[in-house]
2 protein chains.
Amino acid sequence: MTFAARFRAVLSRGRLCVGIDPHDGLLDIWGLPRSAAGVREFGLRTVDAVAGRAGIVKPQAAFFERYGSAGYAALEDVLAAARAAGLFVIADVKRGDIGTTMDAYGAAWLTPGSPLEADAMTAVAYQGLGSLSGALALAEEHGKGVIVVTATSNPESIATQTAVRPDGRTVAAALVDDVCALPGTAGLVIGATVELSDYGLAPDGFGDVPILAPGFGAQGARLGDLARVFGSAAPRVAVHVSREILGAGPSGVIPAIESLQGELRSLP
Amino acid sequence: MTFAARFRAVLSRGRLCVGIDPHDGLLDIWGLPRSAAGVREFGLRTVDAVAGRAGIVKPQAAFFERYGSAGYAALEDVLAAARAAGLFVIADVKRGDIGTTMDAYGAAWLTPGSPLEADAMTAVAYQGLGSLSGALALAEEHGKGVIVVTATSNPESIATQTAVRPDGRTVAAALVDDVCALPGTAGLVIGATVELSDYGLAPDGFGDVPILAPGFGAQGARLGDLARVFGSAAPRVAVHVSREILGAGPSGVIPAIESLQGELRSLP
């Protein structure tokens with residue numbers, strides 16, 4: 001099964017993607033130490049809360065990397081626990097490079113048996129989607145995915161992502177076209193607060209490609225905006241929520257997930 | 001001292017930047033295992049060879065990350081050995097994100113005492129240079145640097161990097177302007193095979209900003225091209241060479257470094 005087919009199957013049971021973002025502020029709220037042990041505990045408890053209640057988790061590697069190899073050992077435990085619980089795991093690493101370097105990133109995150117194995121990794125294509133070919137080839141081989149940052153919500157993004165290439169397409173629109181041409185191995189990160197038309201994008205231009213949409217909650221988008229922003233593509237959108245779930249503290253995570261899942265089920 | 005001032009001081013003693021890129025092919029040439037122990041040994045031996053002969057090393061994190069936390073422990077040892085040897089260490093990680101995530105990447109690579117401490121990290125600004133502000137603030141605080149991928153040599157890069165933003169500047173040229181406006185905290189990655197004018201760039205447009213130039217050797221550029229490509233900026237360019245040094249095998253590394261340093265000293 002391709003990544004796109006696996007992702008569709010997960011989304012059909014619920015579109016919520018729960019972030020695992022143990023930054024200092026959240027560690028404090030949870031009463032956990034700012035250490036590798038703290039982020040490990042945070043990640044494992046979040047996985048326990050998500051298991052059986054939502055289908056997708058997205059650990060943010062940066063919050064583990066800041067504790068070096070000890071933080072990475074914690075991340076390995078969290079990734080393994082999430083996969084053992086049957087969750088679809090997106091490693092949010094936003095890697096981007098060329099040649100053997102990109103091959104190595106793919107090997108790290110997308111190879112079965114790797115200590116950092118995930119189901120998909122996020123990536124950045126500032127050097128062109130072709131620069132990611134090493135990771136995309138591994139994704140195809142193993143039914144895994146590369147989810148490419150395309151149109152994002154932060155205000156500093158828009159000038160680059162709407163820039164017009166020599167072929168007349170915006171940077172974001174060319175990425176969408178290129179990803180759509182791949183055999184189910186890639187997805188798109190599209191912020192839920194963007195106006196697609198500003199980027200030369202349209203909801204019917206995403207083909208069958210999986211979409212990961214951050215930006216809900218504190219970043220400004222509401223779940224009710226899903227259909228307005230993504231139109232016919234809305235059922236293929238993984239709705240990433242982090243702060244609204246994790247910020248509720250350890251005892252509030254499960255009610256927050258259940259409430260969001262309920263709301264999402266009622267939406268188109 | 002700012003990153004830019006520290007970098008200038010290093011370059012005045014020699015412009016060579018030696019890559020530490022233990023990919024499978026090189027591990028095989030060196031007779032080292034494809035494992036965390038192999039990349040550790042590769043990195044430590046390279047540091048020994050460079051110490052006293054060139055000023056800058058650039059370990060590529062991907063080749064360590066593929067071995068997970070064990071690979072990161074190896075990278076920590078290599079970074080520490082390089083810094084203890086007085087080398088200027090550029091962690092080639094090409095991180096790019098926003099908000100607390102970018103803060104965490106900065107904390108990982110640019111904070112004194114972090115297990116992954118380096119003197120500078122490479123970064124990608126697909127979400128705009130402003131998205132890197134967390135890492136740039138840490139860089140300013142600690143005299144460290146963020147070296148931003150700007151114009152690169154791989155053919156898939158050019159359509160994105162020459163795309164024209166709403167303000168009429170190319171993506172690459174706007175990045176250069178924005179980096180030049182920073183207080184000595186950032187540098188630019190500019191491939192040595194690019195035609196600057198294709199990107200709307202010119203040698204006299206780089207101000208005092210440090211430049212890291214990959215692309216020499218197997219990737220097509222010759223050291224003799226340095227002045228033609230970078231003009232008046234050539235003295236501020238760190239000349240990154242990897243395959244030509246590392247591919248010579250453990251016994252050939254020192255002669256390769258000495259030969260390249262000698263050639264560079266004879267060039268403007």
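Two strands count as paired if DSSP finds at least two bridges between them, and strands (E, at least two residues) and helices (H or I, at least four) are DSSP runs numbered from the N terminus. Everything below comes from a predicted model, in which local features need pLDDT of at least 70, side-chain atom pairs count only at pLDDT 80 or more, and totals for chains, interfaces and linings use all residues. Residues are numbered from 1 along each chain as its sequence is written, while chains are lettered from A and ligands numbered from 1 in the order in which they are written.

**View 1. A strand pair in chain B.** Here β2 (residues 56-59) and β3 (residues 88-95) of chain B pair in the parallel sense over 2 bridges. Look for V57(B), which stands opposite V89(B) in β3(B).

**View 2. The barrel of chain A.** In chain A, 8 strands close into a barrel in the order β1-β2-β3-β4-β5-β6-β7-β8, with parallel pairing. Neighbouring strands of this sheet are turned by 30° against each other on average, direction ignored (axes are lines fitted to C-alpha atoms, for helices over the stretch in contact, and angles run from 0 to 180 degrees between N-to-C directions). Zoom in on β1 (residues 16-20) and β2 (residues 56-59) of chain A, and you'll find 4 bridges, with V18(A) opposite V57(A).

**View 3. A helix on the sheet.** Helix α9 (residues 171-180) of chain A packs on the sheet and touches β5 and β6 of chain A. Its direction makes about 155° with that of β5(A).

**View 4. Inside the core.** The largest nonpolar core has 204 residues, and V146(A), V148(A), I211(A), V146(B), V148(B) and I211(B) touch the most other members. Such a core is a set of buried Ala, Val, Leu, Ile, Met, Phe, Trp, Tyr and Cys residues joined through C-beta atoms within 7 Å (buried: 20 or more other C-beta atoms within 10 Å of its own, with C-beta atoms placed from the backbone). Leaving aside neighbours within four places in sequence, the contacts of V146(A) include M121(A), L132(A) and L136(A).

**View 5. Where the chains meet.** Here 46 residues of chain B are in contact with 46 residues of chain A (contact: C-beta atoms, placed from the backbone, within 7 Å). On the chain B side, α6(B) gives the most, with 6 residues.

**View 6. Two copies, one relation.** A rotation of 180° with 0.0 Å of shift along its axis superposes chain B on chain A, RMSD 0.0 Å (by least squares on the C-alpha atoms of residues with pLDDT of at least 70 in both). That's the relation of a two-fold axis.

Terms used
Contact = placed C-beta atoms within 7 Å. Buried ≥ 20, exposed ≤ 12 C-beta atoms within 10 Å, placed from the backbone.
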